[in-house]
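My notes are below the structure.

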Amino acid sequence: MGRPQLQLVTGLVAVALAVTACKETTIDERPCPPEGTTLTYESFGKAFLDAHCQRCHGRTTSERNGAPSSFDFGTADAARSHRARIFARAAADNVTMPPGPDDPPAEERERLAEWLACGAP
Ligand code: HEC
């Protein structure tokens with residue numbers, strides 16, 4: 001392969017990697033385990049959302065740090081209705097929420113993925 005072709009191939013690989021890196025994993029890509037989940041809003045979801053999200057999403061307008069007012073995860077029903085977007089921003093390998101350095105541990109993101117994939121019971 002000549003040098004220009006090699007550069008073209010290298011460039012295409014770099015673009016493909018960049019596109020993959022930006023892509024979010026969606027809730028449809030994560031099936032609920034066949035045995036279901038033991039996680040519930042009361043045993044897991046509420047504590048996770050309170051600890052990592054509600055600092056912005058649960059506040060009054062002036063304290064939300066720009067979190068959209070329609071995205072408040074303060075009740076089981078609200079969390080359930082937003083579960084696809086919560087997944088896309090914070091579950092499994094999705095790490096764009098919360099913004100900033102205080103990330104939940106990876107295993108907590110895995111538990112979040114399981115709970116949401118099973119319908120956020
Ligand atoms: C430090 C404040 C802050 C925290 C903490 C935070 N968010 Fe956000 N959130 C924002 C801001 C600002 C936006 C609007 C900009 C954007 O979408 O990136 C937003 C937007 C969103 C949206 C709506 C946009 C979309 O992609 O559908 C969702 C869903 C969301 N956040 C989920 C979460 C989850 C889940 C957590 C906890 C794991 C969380 N956020 C924690 C500030 C925060």
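Entry 1, ground rules. I am working with a predicted model, in which local features need pLDDT of at least 70 and side-chain atom pairs count only at pLDDT 80 or more, while totals for chains, interfaces and linings use all residues. Residues are numbered from 1 along each chain as its sequence is written, and side-chain values use heavy atoms, with hydrogens and water left out.

Which residues come nearest to the ligand? I noted Cys53, Cys56, His57, Arg89 and Met97, out of 19 residues around it (a residue is near if one of its heavy atoms lies within 4 Å). I then looked up polar contacts (pairs of N or O atoms within 3.5 Å). His57 has a polar side-chain atom 2.7 Å from a nitrogen atom of the ligand. For Arg85, a polar side-chain atom lies 2.7 Å from an oxygen atom of the ligand. The side chain of Arg89 has an N or O atom 2.7 Å from a ligand oxygen atom.

I took helices as DSSP runs (H or I, at least four residues), numbered from the N terminus. The axes of helix 5 (residues 83-90) and helix 6 (residues 106-117) come within 10 Å and cross at roughly 160°. Axes are lines fitted to C-alpha atoms over the stretch in contact, and angles run from 0 to 180 degrees between N-to-C directions. The two helices are therefore roughly antiparallel (angles over 145 degrees; under 35 is roughly parallel, 65 to 115 roughly perpendicular, the rest oblique). Arg83, Ile86, Phe87, Arg89 and Ala90 of helix 5 make the contact with Arg109, Leu112, Ala113 and Leu116 of helix 6 (contact means heavy atoms within 4.5 Å).

Helix 2 (residues 41-52) packs with helix 6 at about 125°, the axes being 11 Å apart. That makes helix 2 oblique to helix 6. I listed Tyr41, Phe44, Gly45, Phe48 and Leu49 on helix 2, and Glu108, Arg111, Leu112 and Trp115 on helix 6, as making this contact.

Where is Pro98? I found Pro98 in the loop between helix 5 and helix 6. A cis peptide bond joins Met97 to Pro98, with omega about -10°. Asn65 has phi near 55°, a positive value in a residue other than glycine. Asn65 is in the loop between helix 3 (54-57) and helix 4 (76-81).

Conventions. Polar contact = N/O pair within 3.5 Å; in protein donor to acceptor, adjacent residues only side chain to side chain.
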